[in-house]
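Here is a friendly briefing to read with the model open beside you. Please bring up the sequence and the structure first.

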Amino acid sequence: MSDTPVIGVLALQGDVREHLVALAAADAVARPVRRPEELAEVDGLVIPGGESTTISKLAVLFGLMEPLRARVRDGMPVYGTCAGMIMLADKILDPRSGQETIGGIDMIVRRNAFGRQNESFEAAVGVEGVEGDPVEGVFIRAPWVESVGASAEVLAEHDGHIVAVRQGTALATSFHPELTGDHRVHALFVDMVRANRAAESL
């Protein structure tokens, strides 16, 4: 078995290309995922930023929502940024009508918590598990985590709000590390996928 994991990027909406580039830079084989059969072929999945309501509705439309939930339930490593964080929340504080989530992280998320598009900002964020200097976080209409359950681990906070969380094989950040050229958060996720593959092959 090759040591290079195959990691998909959910390519329904959002900044898919940037994640594909970041994953390749972090030594993974990266490919877009739009159909259930493509999902079945990956070792892990990134859910990109974008519009969480749109991603949710398109996932249902493309027949991906149930397969996504099943794979996450079964322990497939998954990483959500911004809208992807909302998709991985077990509960949204203020969901839009018809908005569904995949779930997988015991957390309550508030949409657009840091403000609208014109209030986007960058900030240095120290992320547990990422060595060296803080990560440059790009916050665009970003959510934050209101609260986490006992099984979720807080990896980073900004301004007193939780902005990075991990639970088992699931990782989520409020910010967009794929937009900065710093691939350390993606490398952390690639390592999670590698560890999961090694555990499954025992």
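The notes below cover a strand pairing, a group of aromatic rings and one aspartate.

This is a predicted model, in which local features need pLDDT of at least 70 and side-chain atom pairs count only at pLDDT 80 or more, while totals for chains, interfaces and linings use all residues. Residues are numbered from 1 along each chain as its sequence is written, and side-chain values use heavy atoms, with hydrogens and water left out.

**Strands and crossover**

- Strand E1 (residues 6–10) runs parallel to strand E2 (residues 29–33), and 5 bridges join them; strands pair if DSSP finds at least two bridges between them.
- Helices (H or I, at least four residues) and strands (E, at least two) are DSSP runs, numbered from the N terminus.
- Within this pairing, proline 32 of E2 has valine 9 opposite it.
- Together with helix H1 (residues 16–25), E1 and E2 make a right-handed β-α-β unit; right-handed says that, with the strands pointing away from the viewer, the path from the first strand over the helix to the second runs clockwise.

**Aromatic rings**

- Rings of Phe, Tyr and Trp (its six-membered ring) pair if their centres lie within 6.5 Å, with planes under 30 degrees apart counted as stacked, over 60 as edge-to-face and the rest as tilted.
- The count by this rule is 6 aromatic pairs.
- One of them is edge-to-face and joins phenylalanine 114 to phenylalanine 139, at 5.2 Å centre to centre and 65° between the planes.
- Phenylalanine 114 sits in the loop between strand E6 (105–110) and strand E7 (121–125) and phenylalanine 139 in strand E8 (residues 135–139), so this pair ties together parts that are 25 residues apart in sequence.
- Phenylalanine 114 also forms an edge-to-face pair with tryptophan 144, at 5.0 Å centre to centre and 85° between the planes.
- That pair links distant parts of the chain, 30 residues apart, since tryptophan 144 lies in strand E9 (residues 144–148).
- Phenylalanine 114 is buried at 14% relative accessible area, and tryptophan 144 counts as buried at 14% relative accessibility; buried is under 20%, exposed over 50% and partly exposed in between (1.4 Å probe, protein chains only).
- Phenylalanine 139 is buried too.
- Phe114, Phe121, Phe139, Trp144 and Phe175 make up one aromatic cluster.

**Aspartate 106**

- Aspartate 106 belongs to strand E6 and is partly exposed, with a relative accessible area of 31%.
- Leaving aside neighbours within four places in sequence, aspartate 106 has contacts (heavy atoms within 4.5 Å) that include Asp90, Ser147, Val148 and Gln167.
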